[in-house]
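Here is a short report for a first look at this structure. Keep the model open while reading.

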Amino acid sequence: MGEILGLGLTHYPPLSGLDDDMAWLLRQGLADPLVPEHAKDTGSWPERMREEWGSDEGRSAAKTHRERLVAGFDRCRAELDAFNPDVVLIWGDDQYENFREDVIPPYAVLAYPDMTIKPWANMAHSSGMDDRPNIWNEGPDTSIEVMGSPDVARRLATQLLDQGIDVAYAYKPLHHDGFAHAFLNTLLYLDYHRRGFPYPVIAFPLNCYGKLVVSNKGFAVSLGDTPAELDPPSPPPWRFMEVGRAVARACAESDLRVALIASSSWSHAFACDKTWRLQPDIAADREVYAALANGQYDVWRDRSLAQLEDSGQQELLNWFTLAGAMEELGRMKPDWSMFEESYVFNSSKVFAAYRPGPSNVERPSAE
Ligand SMILES: [Fe+2]
């Protein structure tokens with residue numbers, strides 16, 4: 001019988017970058033000539049957003065944001081170390097990294113071998129870190145060793161296909177050397193203090209960006225550069241919950257200690273058209289977070305893809321997969337969670353931990 005730890009965390013904004021750069025996406029949006037002046041007028045912004053922006057375009061608030069995020073990562077890392085997993089599986093979005101014009105799978109298991117990854121040599125662009133200094137002062141020759149677990153990944157793909165989950169799989173990167181940003185950043189932030197990461201990793205990329213994955217290259221584009229033709233959608237949220245449930249069943253049938261990690265921020269300003277791509281939809285995030293903290297998985301299952309797209313919550317599909325897994329295991333509420341609200345750093349961030357064990361419906365709820 002396998003043991004399973006569930007964790008939710010994020011991989012953006014680039015904690016890898018400096019505080020000065022943390023609000024760069026909002027600064028870029030404010031420079032877009034097609035964004036109307038009334039939306040750019042700080043007087044029209046919510047009070048909390050004006051406070052964060054302050055008199056230095058968010059540079060002071062970035063320090064506090066970083067401190068709270070690093071504390072969240074430290075808490076998650078402590079949960080991970082206490083659990084001491086045999087393998088860590090990460091659900092993350094592929095933003096036009098390996099999923100490109102030649103094939104867009106709905107999701108995939110990456111059965112990669114051990115890898116040596118140079119975070120600043122050839123993949124910085126995928127995190128918006130091009131030519132920007134990193135917080136660790138590491139150079140292009142810096143490398144990290146990431147252990148793979150191809151045998152477990154191959155078995156997992158088999159178990160999912162046996163359950164009718166039509167998952168793709170890969171033994172090596174297609175376009176993007178090493179790990180795409182969602183996985184690399186997760187590892188960098190879980191090892192923020194640079195003590196090493198001793199657990200084998202299986203990346204499980206999801207097509208979260210759907211209609212925007214090729215058309216917008218899964219990232220921020222100015223209003224004038226938005227193409228008229230969008231791509232087909234991602235699968236609906238409920239389907240990701242089914243995938244998560246199937247992964248949980250497969251892990252429970254194994255004899256392994258498996259950490260399941262959902263990695264993403266919540267509503268993204270750059271994907272939220274109703275705010276002119278300047279503000280995330282914090283109200284929607286609060287609603288979904290309340291349902292998570294209260295174990296209302298039906299609220300999650302009823303969420304439509306259109307609602308997620310309207311709120312710029314495409315990356316939340318990573319968390320839908322985790323929610324499905326935790327529901328399958330009877331983990332009705334997180335044992336710990338926190339909501340770090342932000343307007344000017346593109347998104348709010350959530351951290352959550354579901355410890356292994358029997359159904360925890362009666363345990364105290366989130367903070
Ligand atoms: Fe992402």
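A helix axis here is a line fitted to C-alpha atoms over the stretch in contact, and angles run from 0 to 180 degrees between N-to-C directions. The model is predicted. Two packed helices are described by the angle between their axes and the distance between the axes. Start with helix 7, residues 237-253, and helix 11, residues 317-328. Their axes come within 6 Å and cross at roughly 50 degrees. That angle makes helix 7 oblique to helix 11. The crossing of the two is right-handed. From helix 7, the contact takes in P237, F240, M241, E242, V243, G244, R245, V247, A248 and R249. From helix 11 come L317, F320, T321, L322, A323, G324, A325, E327 and E328. Sorted by class, the contact of helix 7 with helix 11 holds 11 nonpolar, 3 polar and 5 charged residues.

Helix 7 also packs with helix 5, residues 150-162. Here the angle is about 120 degrees, and the axes are 10 Å apart. Helix 5 is therefore oblique to helix 7. This crossing, too, is right-handed. L156, Q159 and L160 of helix 5 meet A246, V247 and A250 of helix 7. The contact of helix 5 with helix 7 has 5 nonpolar residues, 1 polar residue and no charged residues. V247 of helix 7 takes part in the contact with helix 11 and in the contact with helix 5.

## The nonpolar core

Which residues of the largest nonpolar core touch the most other members? They are L89, I90, V109, I202, V247, L260 and I261. The core has 99 residues. Helix 7 supplies its largest share, 8 residues.

Leaving out residues up to four places away in sequence, I261 touches L7, L9, V88, L89, I90, W91 and T186. Two of these partners, L89 and I90, are also on the list of residues that touch the most other core members.

## An enclosed helix

Helix 6 covers residues 181-190. Is helix 6 enclosed or open? Helix 6 is largely enclosed by the rest of the structure, because 10 of its 10 residues are buried. The buried residues are H181, A182, F183, L184, N185, T186, L187, L188, Y189 and L190. T186 is among the residues that I261 touches.

Most residues other than glycine have a negative phi, and most peptide bonds are trans.

The peptide bond from Y12 to P13 is cis, with omega near 15 degrees. P13 sits in the loop between strand 1 (3-9) and helix 1 (24-30). Y96 is not a glycine, yet its phi is positive, near 60 degrees. Y96 belongs to the loop between strand 2 (87-93) and strand 3 (108-110). Y96 counts as buried because it has 21 C-beta neighbours inside 10 Å, and the cut-off is 20 or more. N346, also not a glycine, has a positive phi of about 75 degrees. Its loop runs between strand 9 (336-340) and strand 10 (349-354). N346 is buried, with 29 other C-beta atoms within 10 Å.

## Loop residues and distances

E97 lies in the loop between strand 2 and strand 3. E97 is buried, with 26 other C-beta atoms within 10 Å. E97 and H176 are 79 residues apart along the chain, but their C-alpha atoms are separated by 5.6 Å.

T10 is in the loop between strand 1 and helix 1. With 28 C-beta neighbours inside 10 Å, T10 is buried. Beyond its neighbours within four places in sequence, T10 is in contact with S263, S264, S265 and K349. T10 and V213 are 203 residues apart in sequence and 19 Å apart in space, C-alpha to C-alpha.

Is A31 buried or exposed? A31 is exposed, with 10 other C-beta atoms within 10 Å. Its place is the loop between helix 1 and helix 2 (37-40). From A31 to K63 the separation is 32 residues in sequence and 24 Å in space, C-alpha to C-alpha.

Notes. Residues are numbered from 1 along each chain as its sequence is written. This is a predicted model: local features need pLDDT of at least 70, side-chain atom pairs count only at pLDDT 80 or more; totals for chains, interfaces and linings use all residues. Helices (H or I, at least four residues) and strands (E, at least two) are DSSP runs, numbered from the N terminus. Angles under 35 degrees count as roughly parallel, over 145 as roughly antiparallel, 65 to 115 as roughly perpendicular and the rest as oblique. A crossing is left-handed if the near helix is turned anticlockwise from the far one by less than a right angle, and right-handed if clockwise. Two residues are in contact if their C-beta atoms, placed from the backbone, lie within 7 Å. Ala, Val, Leu, Ile, Met, Phe, Trp, Tyr, Cys and Pro count as nonpolar, Asp, Glu, Lys and Arg as charged, and the others, Gly among them, as polar. A residue is buried if 20 or more other C-beta atoms lie within 10 Å of its own, exposed if 12 or fewer, and partly exposed in between; C-beta atoms are placed from the backbone. A nonpolar core is a set of buried Ala, Val, Leu, Ile, Met, Phe, Trp, Tyr and Cys residues joined through C-beta atoms within 7 Å.
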